[in-house]
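Thanks for coming. I will go through one protein today, starting from the inside and ending with a few backbone details.

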Amino acid sequence: MISFTCDYNEGAHPAILERLLATNFIQQPGYGADSFTASAKARIRECIGRPEAEVFLLTGGTQTNSTVIATMLRDYQGVVAATTGHIAVHEAGAVEYTGHKVLTIPQHQGKMKAEELKAYLEGYYADGSYDHMVFPGMVYISFPTEYGTLYSKAELSAIYDVCREYSLPLFVDGARLGYGLMSPACDVSIQELAGLCDVFTIGGTKVGALCGEAVVFPSGKAPEHFFTMVKQHGALLAKGRLLGVQFDTLFTDGLYFQIAQGAIDLAMQVKKLFLDKGYELFLDSPTNQQFILLTPAAAKALEGKVAYEVWEHLADGRAVVRFATSWATTQEHVSQLSALLP
């Protein structure tokens, strides 16, 4: 069976495994005080063009999101997200577990609109009893979104303008950041992204690493004692070198972007394959996640041969399914899919 279920089915890029083996017996201090982590942070700062940025390496996406949000909010505040936002749907209430409510606004193919965000904030403060409600304390978006869609530079700028008007930090979840930046539809660079938010993450787990996410505060304004809070939230590795080696490797010679580009190229082939065979798209995603409308007959034909993720079922009997490519997807996988599709 070939699998297109997600972008972290495989272990890690061979260059990372080779580097881990090569550095295995080099003695280093723990908790991110090692030379590999220092090098990784320096490479990330150089990549985003922000020497003042503060960079932290955490274990995984859910730990990262809940830690960042909990440390940046006051006890009485919540975080604003689209109804389909990852923190609102697929993180098992991790944010709420820290005592902060996820405040949702409408989504449009996974994205929020700046004008609707502003309308929500205006409505909140126009309510005479807002002191009895959860205060909106920050805004969360993901890039790409849960539907593989992207915010344009203009859309990001508009959202960030609203955030600054209301003094709300903007958090960009970049669990799949590489796949977003390398999409042909992306019109924002990582350097520009760093200037359009207060904190963002660079996903490793889904873009070639065994595990790990980098948290970046572009202006160097991390919450006070953030390192200690990372440990308190269970997101700090004693063997921090594991994360340091991985991100140092990913950000050497542009590897992170190269392997993301490979996944995008193959995703576009997968999209064309489905279209050429007469299938419909649920939406036109420009990234590594492709959402296809699959009939029961087609699903039956692929059963036991191709793995994918079912997103939702429609009233006409068809299912919205996701086919995701990754850094490890090969041309052979796409060719096999082509031969199996009815």
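**The core and what surrounds it**

In the largest nonpolar core, which has 62 residues, Leu 117, Phe 143, Phe 200 and Ile 202 touch the most other members. A nonpolar core here is a set of buried Ala, Val, Leu, Ile, Met, Phe, Trp, Tyr and Cys residues joined through side-chain atoms within 4.5 Å. Buried means under 20% relative accessible area, exposed means over 50%, and partly exposed is in between, with a 1.4 Å probe and protein chains only. Helix α12, residues 255-276, gives the largest share of this core, seven residues. There is also a second, separate core of 21 residues, which includes Phe 56, Leu 73, Phe 217 and Val 230.

Before going on, the ground rules. This is a predicted model, in which local features need pLDDT of at least 70 and side-chain atom pairs count only at pLDDT 80 or more, while totals for chains, interfaces and linings use all residues. Residues are numbered from 1 along each chain as its sequence is written, and side-chain values use heavy atoms, with hydrogens and water left out.

Back to Ile 202. Leaving aside neighbours within four places in sequence, Ile 202 is in contact (heavy atoms within 4.5 Å) with residues including Ile 44, Leu 177, Phe 247, Phe 251 and Tyr 256.

Helices (H or I, at least four residues) and strands (E, at least two) are DSSP runs, numbered from the N terminus.

For the protein as a whole, we have 14 helices and 13 strands. Buried residues make up 53% of the 342 residues. Of the contacts between residues at least 6 apart in sequence, 74% join residues at least 24 apart.

Now the backbone. Which residues does a cis peptide bond join? They are Phe 143 and Pro 144, with omega about 0 degrees. Pro 144 is in the loop between β5 and α7.

Tyr 31, in the loop between α1 and α2, has a positive phi of about 60 degrees although it is not a glycine. Tyr 31 counts as partly exposed because its relative accessibility is 40%. Asp 253, in the loop between α11 and α12, has a positive phi near 55 degrees. At 70% relative accessibility, Asp 253 counts as exposed.
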